Amino acid sequence: MENYSIIIFILAIIIGLSAFADKIKLPQPILLVIVGIAIGFIPTMGEIEINPEIIFLIFLPPLLYDASFNISPKDFKTNINTIGTLAITLVFLTTFWIGVVAHYMIPNITWPLAFLLGAILSATDAVAAISITKGLGIPHKTITILEGESLINDASALVAYRFAVAAVMGSAFVIWKATLQFLVLLGGGFLVGFVMAKILSFILTRVHKNVNVTISFMLLMPFVTYLIAEQLHVSGVIAVVILGLAIARFSKKIFPESLKKESRSLWDILIFLLNGLIFILIGLNFRYILKNIDDNMILPYIGYAVIITIVALLIRMVRIFFQKINLQKAFIKGKRKVSENALLDFNNSVILSWSGMRGIVSLAIAIGIPKELENGTPFPERNVIIFISVAVVLLTLIGQGLTLPWIVKKLNVREEKESLPE
């Protein structure tokens with residue numbers, strides 16, 4: 001009953017703060033995280049334990065489904081080169097370089113533990129970036145790339161995380177096995193998503209005249225698809241993304257406009273509440289993660305988190321600007337099918353670079369680290385890894401989140417000046 005009351009209380013706060021954030025022109029995610037931290041430090045506030053599996057089941061499917069349902073398949077295909085680079089190549093690059101920095105910087109962090117920290121922080125959270133930049137006039141292409149990245153990068157990060165945990169447990173890392181497992185996870189997820197989309201399309205063809213039944217099926221199917229994929233040990237993330245992309249195309253052909261509007265209204269409310277819960281929970285859990293850390297080590301660990309945040313930002317920036325150059329070269333030479341619409345300009349590249357905030361997936365993966373090794377001994381440096389991970393999430397959300405709107409406005413002003421006739 002107490003947990004139920006807390007959830008109702010949090011939902012009420014989300015609604016009230018969202019209205020307040022609009023008035024004071026502060027991005028909603030930032031305000032929710034800050035208030036979540038403040039609420040967490042209220043002495044009478046009970047601890048809300050986050051079950052990582054519940055987070056993945058409750059939050060990921062609807063958020064992924066909504067993003068994939070609304071993304072333009074044509075724009076997604078046009079920018080697939082950049083999306084793939086950010087969602088796969090950059091995830092593994094980030095895992096590697098954060099691992100290297102963490103190993104040489106943080107005491108008692110072995111190579112497997114360092115790469116585990118890198119894997120936790122390798123995936124960005126486009127939900128935060130898009131929420132923060134809403135209404136700032138960001139180019140549609142940039143939004144498409146951010147959404148497309150978020151649809152796939154969680155799968156890459158989870159694969160990197162699983163191998164890192166296995167390495168800590170004592171399993172040897174074999175590159176060809178890791179590659180094969182990654183391909184099986186992606187391929188299996190694609191297959192499950194495709195089959196479930198066919199099943200849902202078959203059902204909706206027969207019930208689409210009943211609005212309540214249709215919307216109920218569309219609400220339920222992302223969760224069912226995710227669960228089936230995970231039970232089959234393939235990527236639930238990819239399965240839900242494929243489901244969303246397929247049903248989006250199907251719905252345009254068969255759904256009447258009234259049904260689209262009702263469905264959209266319900267999904268907007270659901271996604272609004274889920275997004276709010278995500279950011280409040282990130283803030284709320286900081287106090288309880290803090291209590292497991294030695295007081296003398298809090299400032300050094302925050303310092304390590306700042307350095308890791310800067311490293312992650314630099315890796316992302318370098319990779320995106322290399323991608324910008326590579327696309328231009330390929331377009332000029334005409335060797336690859338790179339259209340002019342797929343090219344990145346300076347503004348795109350800066351916004352994409354600065355939008356690399358971490359969020360709920362990093363938090364859930366960190367909290368999901370096993371408490372014990374297979375022999376029953378405590379998982380080494382577990383509290384340290386969780387604390388640094390949460391600190392990086394907060395630093396990126398508040399630091400990059402508060403400065404991103406300013407950067408976008410500056411870039412827009414610069415673009416306007418350049419476009420003026422001399």
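Q: Which residues lie nearest the centre of the second largest pocket, and how many residues line it?
A: The general idea is that rolling a probe the size of a water molecule over the atoms shows where empty space is left. Here, on a 1 Å grid over the protein atoms alone, a pocket is an open set of points where a 1.4 Å probe fits, with protein on both sides within 12 Å along at least five of seven lines, and a lining residue has an atom within 4 Å of a point. In this structure, 17 residues line the second largest pocket, and Glu 53, Phe 56, Arg 162, Tyr 226 and Glu 230 lie nearest its centre. Before we go on: this is a predicted model, where local features need pLDDT of at least 70, side-chain atom pairs count only at pLDDT 80 or more, and totals for chains, interfaces and linings use all residues. Residues are numbered from 1 along each chain as its sequence is written, and side-chain values use heavy atoms, with hydrogens and water left out.

Q: Which element gives the most to the lining of the second largest pocket?
A: Elements here are DSSP runs numbered from the N terminus: helices (H or I, at least four residues) and strands (E, at least two). H3 gives the most, with 5 residues. H3 (52-58), H9, H11 (211-231) and H17 each supply at least two. The pocket's volume, meaning the space filled by probe spheres set on grid points joined across faces, edges and corners, is about 500 Å³.

Q: What about the largest pocket: how much space lies in it?
A: About 1300 Å³. It has 47 lining residues, and the closest to its centre are Val 127, Ile 130, Ser 131, Ile 132 and Lys 134. The largest share of the lining, 9 residues, comes from H13. By type, the lining divides into 26 nonpolar, 11 polar and 10 charged residues (nonpolar is Ala, Val, Leu, Ile, Met, Phe, Trp, Tyr, Cys and Pro; charged is Asp, Glu, Lys and Arg; the others, Gly among them, are polar).

Q: Where is His 233 found, and what is its phi near?
A: Most residues other than glycine have a negative phi, and most peptide bonds are trans. His 233 has a positive phi, near 60°, and sits in the loop between H11 and H12 (236-254). His 233 counts as exposed, at 66% relative accessibility (exposed is over 50%, buried under 20%, partly exposed in between, with a 1.4 Å probe and protein chains only). Glu 381 also has a positive phi, near 55°, and is found in the loop between H17 and H18. At 25%, Glu 381 is partly exposed.

Q: How many aromatic pairs does the structure hold?
A: A pair of rings is described by the distance of the centres and the angle of the planes. There are 10 pairs (Phe, Tyr or six-membered Trp rings with centres within 6.5 Å; planes under 30 degrees apart are stacked, over 60 edge-to-face, the rest tilted). Phe 92 and Phe 182 have ring centres 5.5 Å apart and planes at 85°, so they pair edge-to-face. Phe 92 lies in H6 and Phe 182 in H10, so this pair ties together parts 90 residues apart in sequence. Phe 92 is partly exposed at 31%, whereas Phe 182 is buried at 11%.
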